[in-house]
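Hi everyone, thanks for coming.

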Amino acid sequence: MKLGVSERLAIACGITSKGPCRSSKTKGINIALGNDYLASQGLVSLKDIWINIHYGR
């Protein structure tokens, strides 16, 4: 909830019986751990790396 997810979505993400791969595609996880948040944590985008390698930018 500290990352901007409503209480209802946070509970739904917490009690799911889905595995990590399927859970990563849920709305609550994508709101909390969006691309901006992941970049602020120092992670790089594989898509951006691929574009740089492929197009040479």
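So, the protein chain has five helices and zero strands, and along the sequence the pattern reads α-α-α-α-α. Helices here are DSSP runs of H or I with at least four residues, strands are runs of E with at least two, and both are numbered from the N terminus.

Quick housekeeping. This is a predicted model, where local features need pLDDT of at least 70, side-chain atom pairs count only at pLDDT 80 or more, and totals for chains, interfaces and linings use all residues. Residues are numbered from 1 along each chain as its sequence is written, and side-chain values use heavy atoms, with hydrogens and water left out.

Okay, overall shape. The radius of gyration of the protein chain is 15 Å, while a compact globule of 57 residues would come in near 10 Å. That radius is taken over C-alpha atoms, and the globule rule is 2.2 Å times the number of residues to the power 0.38. Along the principal axes, the C-alpha atoms fill a box of roughly 45 × 20 × 15 Å.

How much of the chain is buried? Of the 57 residues, 11% are. Buried means under 20% relative accessible area, exposed means over 50%, and partly exposed is in between, using a 1.4 Å probe and protein chains only. The accessible surface is about 5100 Å², with 58% of that belonging to carbon and sulfur atoms; those areas come from the Shrake-Rupley method with a 1.4 Å probe, and for residues only the protein chains shown count as cover.

One of the buried residues is S23, at 14% relative accessibility. You'll find S23 in helix α2, residues 20–23. Skip its neighbours within four places in sequence, and S23 is in contact (heavy atoms within 4.5 Å) with T16, K18 and I29.

Now over to α5. Zero of its ten residues are buried, so α5 lies largely in the open. D48 sits in this helix, which covers residues 46–55, and D48 is partly exposed at 43%. Compare D48 with R8: they are 40 residues apart along the chain, and their C-alpha atoms are separated by 33 Å.

What caps the N-terminal end of α5? That's S45, with a side-chain oxygen 3.3 Å from the backbone nitrogen of K47. Just after the helix, G56 takes a positive phi of about 70°.

Next, aromatics: the structure holds one aromatic pair. W50 and Y55 form it, edge-to-face, 6.3 Å centre to centre with 90° between the planes. Rings of Phe, Tyr and Trp (its six-membered ring) pair if their centres lie within 6.5 Å; planes under 30 degrees apart count as stacked, over 60 as edge-to-face, and the rest as tilted. Both W50 and Y55 are exposed.

Last stop, cysteines. A disulfide is a covalent bond between the sulfur atoms of two cysteines, and the cut-off used here is a pair of cysteine sulfur atoms within 2.5 Å. How many disulfides does the structure hold? C13 is partly exposed at 23% relative accessibility, whereas C21 is exposed at 62%.

Conventions:
Polar contact = N/O pair within 3.5 Å; in protein donor to acceptor, adjacent residues only side chain to side chain.
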